[in-house]
Amino acid sequence: MSGTSWKVQRFDTNHNHVLATQEHLQFLRSNRKVTSSQASQIRTYKYAGLQTCDIVNQMVQQAGGFERLGFTRKDAYNKAAAIYRVETVETDSEGLLGYLASKIDSTDLTLYAKYAIDEEDRLCHIFWSDSGCQQDYMCFSDVLAFDTTYQSNAFNKPLVMFVGVNNHFRTCVFGFALLLNEKIESYKWVLETFLDCMHRRQPAVVVTDGDAAMKAAIILCFPDSTHRLYGWHLSTNATSNIKSPDFTKAFRKLLYSHYNVPQWYKRWDALLDKFELHDNAWAATTYEQRLHWAETFLKTHFFGGMSTTQRCESINSYIKRFLNCKIPLRDFIRHVDIAQRNIRESERHDDFISYYTEPAYPTDATLIGYLWQFGAACTRQVFHMVKLEVDLESRYNIVGREAKGTSNIFKLRKFNHQGSEYTVTHSMVDNHLECSCR
């Protein structure tokens, strides 16, 4: 060696290590490289909500095996982490707000977002609703249900989803919120923000699980809305407080059956007598809330099938497929968007079925003319619901009829049921029908 030059004295063609076999060549550092196109593919899959292990499995399948992939599983994890570090240049909250701001600037000019911070400038609450959510609420604000989901993000902030029922009788989402806690102040903030987003339009009906803080906020923010409690929670409370299957069965009848008001009170008193519950605190509290849970007092309102928690639990379960308790907020909101996009794709498919296909009409129905009208005017799911009601109508017989002024009064009784009889009044002036069951 002289200066900066090297001189080779001897070249030995024998390797000083064991040569890798054909099946091990893929692990040599010289043969391992994540190409730019593969890195882009990893980034796209991560944005879509896939876990790194699932991304690797998909890419292995695509390449035809690990030996043809060009890198190891650990290389993929390192690349995914490197991409994450490069793109994480702001705090988690700033990333979330930046994502919403970019949507407003590029794809959704009417997206509504509002947040609150504490005295230390930390994010407390945030609410957002895109243009599609707002349009849905303007059309389907008859019923609003909201429920809280946990373990959906790294900070364990409760996720509140505002949901309703669309014209296909399917659950639609009106907005999302992340809250600091479940206190009255938090719920009041999010409900007031929701009203501001929806031009102060209150829902006709609000359905909740009976949480005390939520109920207090609803009274303050939605004074003109009817508040209904989920039947499932009441049934569960009945089981845990009374601990009698027979009581729960009888209570569920009072919960869901269409009794008239005198019948309901008579059955409630009989229930207290049978199980000796006149001095029971839970029974007394539940009775005081009867106007918010008994079908007898609520049957004149439209609930869109939301008297149970099934719809909220279903949408919560679906959304959580895209989330996990370790996901940071900036990725959380992106994954919520993916879930919402899939929901809207299902809605578009429902629209297609309703607009461009014909329902199967029965050939022997006595009211086929009405079914044709409903088939032309209703979405497919609603048509099937109407058809079921028409089928059930055939079980009733007219057992009496009389004319009274400008109205005709009919007495109806279910076939082979002597106990129940209903009165239907038909006004010949405006064709209005009214049943005693309502």
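Analyst: Lys-249, Lys-253, Lys-266 and Arg-267 gather on the surface as a patch of positive charge. A patch here is made of residues with over 30% relative accessible area and no salt bridge, with like charges joined within 9 Å and nonpolar side chains (Val, Leu, Ile, Met, Phe, Trp, Tyr) within 5 Å. A salt bridge is a side-chain nitrogen of Lys or Arg within 4 Å of a carboxyl oxygen of Asp or Glu. Helix H9 (245-256) and helix H10 (261-275) are the elements that give two or more residues to the positive patch.

Lys-266 lies in helix H10, and it is exposed, with a relative accessible area of 65%. Exposed means over 50% relative accessible area, buried under 20%, and partly exposed in between, using a 1.4 Å probe and protein chains only.

A word on the background: this is a predicted model, in which local features need pLDDT of at least 70 and side-chain atom pairs count only at pLDDT 80 or more, while totals for chains, interfaces and linings use all residues. Residues are numbered from 1 along each chain as its sequence is written, and side-chain values use heavy atoms, leaving out hydrogens and water.

The surface also has a nonpolar patch of about 430 Å², made by Phe-352, Tyr-355 and Tyr-356. Phe-352 belongs to helix H14 (residues 329-356) and counts as partly exposed, at 44% relative accessibility.

Asn-416 sits in the loop between strand E9 (407-414) and strand E10 (421-427), and it counts as exposed at 66% relative accessibility.

Asp-108, in the loop between helix H4 (92-106) and strand E1 (112-117), is buried yet has no salt bridge. The nearest side chain of opposite charge is that of Lys-103, 5.0 Å away. Leaving aside residues up to four places away in sequence, Asp-108 touches Lys-103, Asp-130 and Ser-131, where a contact means heavy atoms within 4.5 Å.

Stepping back, the protein has 16 helices and 11 strands; these are DSSP runs numbered from the N terminus, helices being H or I of at least four residues and strands E of at least two. Buried residues make up 40% of its 438 residues.

Terms used. Accessible areas come from the Shrake-Rupley method with a 1.4 Å probe; for residues, only the protein chains shown count as cover. Lys and Arg count as positive and Asp and Glu as negative; His and the chain ends are not counted. The place of a charge is taken as NZ of Lys, CZ of Arg, CG of Asp or CD of Glu.
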